[in-house]
Amino acid sequence: MPASAPVSAESPAALLRLEGVEQFYGEKIRILGPIDLEVREGEFLSLVGPSGCGKSTLLRIVAGVLRPTAGRVLVGGRPLKGVNTRAAMVFQSFALFPWLTVVDNVAVGLEARALPLRERLKKAQKYIDLVGLSGYERAFPRELSRGMKQLVGLARALAVEPELLCMDEPFSALDVLTARTIRDLVLDLWKSPEVTTKSILLVTHSIEEAVAMSDRVVVLKANPGRIADEVDLRDLPRPRRPDLPAVRETVDRMYALLA
Amino acid sequence: MNARAPASYSVDFGLLLLLAVLVAALIFAGSSLRPYDSPELDPRPELLPVYLLLSLTRLGVTLAISVLLAIPTGYLAAKSAFARRLILPTLDIFQSVPIVGFFPVAVWGFVRLFGGSAIGVELAAVFLIFTSMFWNLAFGVYESLITVPEELRMAADQFGLRGSLRWAHLILPAVVPSLLYNSLVSWANGWFFLIASEIIAVGPARYTLPGLGSYLAQAVTAGHNDLTMLALAVLLATTVAMHLLLWGPLSTWAERFHLEETGDRPRRPRIARLLGRSRLVRSATLRIVTPAAQQALRVSSRVLDFLGRHASGSAVAFFGLAVPALAGYGGWRLYVLFAARPLSPELKGIPVDLLLSFLRVIVGVVVSAAVSVPLANWIVRRVRWRSAALAVIQILASIPATAFFPLVVILLTWGLGMNAGAVLLALTTMFWYVLFNVVGAGSAIPKETQEAAFAFGLRGRRYVWRVFLPAVLPSLVTGCITAWGAGWNALILCEYLEAGRRVHEVRGIGATLDRATYRSGDMQVVAASLASMVLLIIFVNRLFWDPLYQRVAARYKMEA
């Protein structure tokens, strides 16, 4: 995949495009926008910024669970109405259904897409195996550690085979070691031929995380949330260990941007 | 789910036997019951199981209706701001108004509607019990729906859970714990009202619904102490059995619907495992119950989604049109009542009656609070006893206070003043609400807080004042508000007792109301005492309890 591909003059096809998107709180208070943004096919895009810059709001607009006050969202060239069925979301607090077992949680999106039971179970099992949770199918979320819960959240999102995976601060409720393991897993799965997901949109407040994972980082500033800058990281070789000089230098550069 | 236990024919056999006994009892009951408008119930003790069955059916049907109506009501209130503004105040008022007082009016309406037939009297009883069960259920649904975490709702949106799937995977599971907890409360309330509503008298007319409540009431009135004790024993045994066979297993089952983040694997109730071994139950579940439930969910979710989409409209229809129409009709009746006849001389005594009853309720609230706090502290601190104590309290609380009447009557005959007797009776309903709330809040005090208090030498009484009381204060106020509301209901029944062919009464608004209802039939006095009581309650709620709760909650909420 194009992780270390050379920068081409024309950008690849856009999976999704935001045009003049704005979000208001009540009548007068603008919390976001106007924002123009493109998620390209095959890219790993991160949104970073201080708290209150509306990055989670932006992600929700992309996933179609929040309607923007103004502007439009184009998916595959067509304006989005309602939930974005070509995207799936991973949540900060996991948002698993506590009363459903792991396998039922993973299959929930497939049930909504009216797949027959047998196929649902087969597909759910495939993604449970892919995230390494085999053997925990019948467990309830409350029996799992936080890291395992987030793996269930990841499997649930991948199981609906989305083109775009939206991740809202997915690692910030986890301890450092678990977060690193799951980050690596996400990158592996993204490149794996078993997974259909083409692009990933990650919201994070951690610059290190954005630099370690992304092809492109969009920096937002607050009040109202606007795009402040954009950093292309396609030239930065992978895997990006945090102690590599190039990685460290990029992180420093981004801190300077945000300051 | 888990590996299945082997099928067992003995469970099937047991179930069939139980069914046969029930059918036989119903046939026996049908042939030996006296007509509804006969003045007396057949007092033979061997009919008690039949009466019990009839009462349980009445309660069960009413609880089912209440739950089925509470879900859309709470859902609408959670869904639309407009509906919320209409629904919540209505619930609030009805919850705090002493509904027992409205019994005669409601019965009169139903009985007239159905021409005094059995069905009219049954419906009147169901309606009256409903008014004791519904409000907290609807509130509970509303509260649990607005506390569903935002991300969970969003996940349901994002993964496309709509219609019946959303109800099955999000809305219904989220409201199960509160529905269950409130069903327990409603069930206890229902018993209280059942006993009051199985014997219905409006002026000269008197209807007796066959049931445990009417049996008990009749035994008390006639002064048959042996029959009274027998009926009480049946009632107590039923309460315990309900806990063991229904509420306990249901609570175990409902564990899986709690929103907590960590914990043990949710358990399957023992009785469900036992029933799961029956072939009959298995095939009925597979062939009838599951498909029927799915179909019902599909249909009802369509209806509910329609209501939800037109939430404001339906709220206007229910609460904006029906309620004002009723109120208008009531106002017109009142006008006719007071304008057409000269005013009754008894009306002059109402302010003093009201004051006396008010003082009694206040004494009840103060005593409940004063006893609950140390008692709860004692219970909470003994971890080993806590669950056992809670179970006992729960059972005691679900014994309808009306059942304590005979005991108090015995005390009265031993020379206890009726004034103290009325307060004591009211306390049997009021106390549990306070104790329940305080024990609940006390158990939630973080362990670190307790340890910190002990580390700094706060022990004994000082611990109660400095740590325990502030920590439970919001719940204590909640409990007191509920007890205050329940106290008025209780006083209507407590200030005027007929027992052993003697009337025990004490001056108060409840006694005035009862005398007007059962003896003189003076509708002016009925209307005036009800109206003054309702106004006083709403007035005190708005001016005292609501602000008190706001302040206490703002200052003493346990938050990190």
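A salt bridge is a side-chain nitrogen of Lys or Arg within 4 Å of a carboxyl oxygen of Asp or Glu. Keep that in mind, please.

Take a pair in chain B to begin. B:Glu122 and B:Arg58 form a salt bridge, and their closest N and O atoms are 2.9 Å apart. B:Glu122 sits in helix α5, residues 118-146, and B:Arg58 sits in helix α2, so this pair ties together parts that are 64 residues apart in sequence. Is B:Arg58 buried or exposed? Buried, with a relative accessible area of 4%.

A polar atom of the B:Ser55 side chain lies 2.8 Å from the backbone nitrogen of B:Leu212. Beyond its sequence neighbours within four places, B:Ser55 is in contact with several residues, including B:Trp191, B:Glu198 and B:Gly213.

Next, confidence. Chain A averages a pLDDT of 90, and 95% of its residues score at least 70. Over residues 1-10 of chain A, pLDDT stays under 50. The model has 9 contacts for that stretch beyond four places in sequence. Where pLDDT is low, the predicted coordinates should not be read in detail.

Now the interface. Chain A and chain B bury about 2700 Å² between them, 60% of it on carbon and sulfur atoms. Which residues of chain A lose the most area to chain B? They are A:Phe97, A:Trp99 and A:Arg142, together 31% of what that side buries. The contact takes 35 residues from chain A and 28 residues from chain B.

How many salt bridges lie between chain A and chain B? The count is 3. One of the salt bridges joins the side chains of A:Arg60 and B:Glu151, at 3.6 Å from N to O. On the chain A side, the elements giving two or more residues are α1 (55-63), β6 (87-90), α2 (102-112) and α4 (146-159). That side divides into 21 nonpolar, 4 polar and 10 charged residues.

Back to salt bridges overall. The count over all chains is 27. In chain A, the side chains of A:Glu43 and A:Arg216 meet at 2.8 Å, N to O. A:Glu43 lies in the loop between β2 (29-40) and β3 (44-48), and A:Arg216 lies in strand β9 (216-221), so the pair ties together parts 173 residues apart in sequence. A:Glu43 is buried, at 7% relative accessible area. A:Arg216 is buried as well, at 3%. Chain A also has a network of salt bridges linking A:Arg17, A:Glu19, A:Glu38, A:Arg40 and A:Arg72.

One more pair, in chain B. B:Asp353 and B:Arg507 meet in a salt bridge at 2.7 Å, N to O. B:Asp353 is in helix α13 (350-381), while B:Arg507 is in the loop between β4 (502-505) and α19 (509-520), 154 residues apart. B:Asp353 is buried, at 4%. B:Arg507 is partly exposed, at 43%.

Last stop, B:Leu280. This residue is in helix α11, residues 279-309, of chain B. B:Leu280 is partly exposed, with a relative accessible area of 42%. B:Asp12 is 268 residues away along the chain, yet the two C-alpha atoms are separated by 6.4 Å. Not counting residues up to four places away in sequence, B:Leu280 touches B:Asp12 and B:Leu16.

Terms used. Residues numbered from 1 in each chain as written. Chains lettered and ligands numbered in written order. Predicted model: local features only at pLDDT ≥ 70, side-chain atom pairs only at ≥ 80, totals over all residues. Heavy atoms only, no water. pLDDT = per-residue confidence, 0-100. Contact = heavy atoms within 4.5 Å. Buried area = accessible area lost by both parts, 1.4 Å probe. Helix = DSSP H or I, 4+ residues; strand = E, 2+ residues; numbered from the N terminus. Nonpolar A, V, L, I, M, F, W, Y, C, P; charged D, E, K, R; others polar. Polar contact = N/O pair within 3.5 Å; in protein donor to acceptor, adjacent residues only side chain to side chain. Buried < 20%, exposed > 50% of the residue type's maximum accessible area, 1.4 Å probe, protein only.
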